[in-house]
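Take a look at this chain with me.

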Amino acid sequence: MGRAFEYRKATKLKRWGHMAKTFTKIGKQIAIAVKAGGPEPENNPALRACIANAKRENMPKDNIERAIKNAMGKDQSDYKEVTYEGYGPHGVAIFVETLTDNTTRTVGDVRSVFNKFSGNLGTQGSLSFLFDHKAVFTFKKKDGLDMDEMILDLIDYGVEDEYDEDEEENSITIYGDPSSFSAIQKHLEENGFEVTGAEFTRIPNDLKDVTPEQREAIDKMVEKLEDFDDVQTVYTNMKPEETAE
């Protein structure tokens, strides 16, 4: 099995990052999608992906519609996607993704957590070699689906031949090239697949062993980062507890 599949299986998470699951954060994603492609889901693939993710997080329909309406308002602030990278306690790499309308506030918040936990905030891109950036799609499995044939159809989009199957949810998760996000989404939709999740993720390619005490410190740091509304997802290269030696 591929590394992405094994890591996901080990962590028993739907994502590799520790995503702070709040409607405020999802609302920001919707705002960016609406600003970029308009408020009509049928004409905006990015918005359709956001709505699918919102539903997966059990965000009420009224909240979704309100987020779309608010994004159309003249006074609605424009959010920027900004990443922060550095090392936390015990040399564990930490990658923070944010959506912010005030980068001064956000960098101050993130830096304060790194300082509190004796970490070091580096320059943007300094840890990109430690994480593989992937587009991730989850969709309902059709009866009689031939995954080998499907992967061949998607190989031009950089889709990997390893995939994750959830029998309880009757769903399949595939991983592809981030630059092919829209093309993969279009292929799935045009072929009648019900997409239940569409997002980007970062998968560590060099896992670091930690002791239980070290893991506790890193987990506390991640939780502090997730407390900020601007923070969307926090990734680390800490080896999952289930596979730690």
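D230 touches K25, K28, E97, T98, L99, T100, R105 and T106, leaving aside residues up to four places away in sequence; contact here means heavy atoms within 4.5 Å. You'll find D230 in the loop between helix 8 (212-226) and strand 8 (231-236). Helices (H or I, at least four residues) and strands (E, at least two) are DSSP runs, numbered from the N terminus. D230 is buried, with a relative accessible area of 5%, where buried means under 20% relative accessible area, exposed over 50% and partly exposed in between (1.4 Å probe, protein chains only).

A word on what you're viewing: this is a predicted model, in which local features need pLDDT of at least 70 and side-chain atom pairs count only at pLDDT 80 or more, while totals for chains, interfaces and linings use all residues. Residues are numbered from 1 along each chain as its sequence is written, and side-chain values use heavy atoms, with hydrogens and water left out.

Now step back to the whole chain. It has eight helices and eight strands, and buried residues make up 46% of its 245 residues. Of the contacts with a separation of 6 or more, 73% are between residues 24 or more positions apart.

Next, helix 6 (residues 147-154). Its buried residues are M147, M150, I151 and L154. What do the buried residues of helix 6 pack against? They meet strand 4, strand 6 and helix 7. At the start of helix 6, a side-chain oxygen of D146 comes to within 3.1 Å of the backbone nitrogen of D148.

Four strands form an open sheet in the order 5-6-4-7, with antiparallel pairing; two strands pair if DSSP finds at least two bridges between them. Strand 5 (164-166) and strand 7 (195-204) are the edge strands, each pairing on one side only. Strand 5 is joined to strand 6 (residues 171-176) by three bridges, and D164 has T173 in strand 6 as its bridge partner. Helix 7 (residues 181-190) packs on this sheet, touching strand 4 (131-140), strand 6 and strand 7. The direction of helix 7 makes about 15 degrees with that of strand 4, using lines fitted to C-alpha atoms (for helices over the stretch in contact) and angles from 0 to 180 degrees between N-to-C directions.

Terms used
Polar contact = N/O pair within 3.5 Å; in protein donor to acceptor, adjacent residues only side chain to side chain.
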